[in-house]
Amino acid sequence: MSQLSPHTLSSLDIIIPMFNEEDGLEKFHHQLCQVLGPLPYRITVYYVNDGSHDRTGKILEGLAECDPRIVAVDLSRNFGHQAALTAGFDLCQGEAVICMDGDGQHPPDLIPQMVDLYLQGFDIVTTQRIDDRQAVLRRWPSAAFYWLLNRIGNTQMVPGAADFRLLGREVVDALKEMREYHRFLRGMVAWMGYPSAILPYLPPDRLVGKPTYSLRRRMQLARDALFSFSLIPLQAGLLVGGIFFLLALAEVIYVASLWLAGERANLEPGWSSLMFMLLIVGGTITILLSFIGIYVGLIFQEVKRRPIYLIRTIHAGKTEPGKEAPSPAPVETTSPN
Ligand code: UDP
Ligand code: MG
C-alpha cells in the first residue's frame, strides 16, 4: 500500500437516519453525547428523520432546539435508509463524516477509534460486523450475497460491512457526484477506492424494538447491489445459450451415429425428453428475459432523474456566535415527471 499521509481534523459530522425510533432515540442520543463530549473537534450531528410515523420527528426537533450541535432534518416522506444517508451527506460540511444507525447497533464507542484511523491517514474507515450469534437464516443469505457479489461484480466488497463508516471530505465530495437513484452506498464507497481501513466490531442488540428495514426493502437493496455492480446476469444468456447449443450438437451426433449404425429402429418418438428440453429452454429464456426486464426497469427509473429525497424542514440548533448554521447543499431540482 502507498505511504499514508496523516490527516488533521477540526470538524467532525455524524449522520444518523431515523425511522420510527421514538422509543430508543433518547437513550441512543445520550450514549452518543457521552462519546462525543470529550472529543476536541467542532461536532455537528445530522439526524435525518426518514418520514417516521411516530414521535421521532418531534423528539429530534426538541433535541435540536436545546443543543447547537444538532441538526434535525425532516424528509417529506419515507425514502429509505440509503436516501436518508444521502440527504445527510449532501448537507454535512465537516472535514470527516461518520454515518451510523440510530438504533444502538452501531456502537458510538467505536467513534474515537475511527477518528484515530482517519488521523493516521486513512480516507475511509469501514466497520465490519463479526457476529456468530446472528440467526443462521440471516447470516447465510448475507454470506452468500457477498460471495456472489464479489464473484460477479467488478467491485470487491467487505462481507459484513455495515453502513457505519467514516469518510474524509474528499471522499464525501466524490460520493456527492454519484447521483444514481438506486443506491447501494457500501458498493459505491468500495468502488471509489481511496486508502481504507477496516475496523471489526461485535454488534450489540437494538436498544428497543424490531428492525424497521423490512424484508422487502432488504431484497430491493440486494437487487440494486447485484444489478448495478454487475452486468454478468445480462451475459449469462451467452453461456446458457452456448450450453444448449452443445447439447443440441451432442444430440445430432447421437442420432447420426444411430443412423449410421443402422439402428434407426431404436429411435422412439421421445415425448418425455422433448418435453423436458422444451421446459428447460422455455424456463431459461424466461429467466434471461426477466434479467433484461430488471435492467430496463432500473434504467427507466434512472433516466427520469428524480431527486433521491425531498427535504421538508431543517431544524438547526441555535448557533453559537461566530459559527454559521448549516445551509442545505443544493439538492437536485429536476422536476418529478
Ligand atoms: N431507517 C431509515 N429508513 C428506513 C428504514 C430504516 O432511516 O426506511 C433507519 C433506522 O431508523 C436505523 C437504520 O436505518 O437507524 C437501520 O435500520 P434497521 O435497524 O431497521 O436495519 P438493520 O439494523 O436491521 O439493518
Ligand atoms: Mg438495526
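Guide: Let us begin with contact: two residues are in contact if their C-beta atoms, placed from the backbone, lie within 7 Å. The model is a predicted one.

Visitor: Which residues does Ile15 touch, leaving aside those up to four places away in sequence?

Guide: Ile15 touches Tyr46, Val48, Leu85, Gly88, Phe89, Cys92, Val97 and Cys99. Because contact requires C-beta atoms within 7 Å, each of these pairs meets that limit.

Visitor: What makes a set of residues a nonpolar core?

Guide: The members must be buried residues of the listed nonpolar kinds, joined through C-beta atoms within 7 Å. The largest such core here has 61 residues, and Ile15, Tyr46, Tyr47, Val48, Val73 and Val97 have the most contacts inside it. Helix H3 gives the most to this core, with 6 residues.

Visitor: Why are the buried residues of H4 said to be on the same side of the helix?

Guide: In H4 (residues 111-120), the buried residues are Ile111, Met114, Leu117 and Tyr118. They cover an arc of only 125° around the axis, and therefore lie on the same side of H4. They pack against H1 and strands E4, E5, E6 and E7. Just after H4, Gly121 takes a positive phi of about 125°.

Visitor: What makes Ile59 of H2 a buried residue?

Guide: A residue is buried if 20 or more other C-beta atoms lie within 10 Å of its own. Ile59 is buried, as are Thr56, Gly57, Leu60, Leu63 and Ala64 of H2, so each reaches that count. These residues cover an arc of only 160° around the axis, which puts them on the same side of H2.

Key: Residues numbered from 1 in each chain as written. Chains lettered and ligands numbered in written order. Predicted model: local features only at pLDDT ≥ 70, side-chain atom pairs only at ≥ 80, totals over all residues. Buried ≥ 20, exposed ≤ 12 C-beta atoms within 10 Å, placed from the backbone. Helix = DSSP H or I, 4+ residues; strand = E, 2+ residues; numbered from the N terminus. Arc of directions from axis to C-beta.
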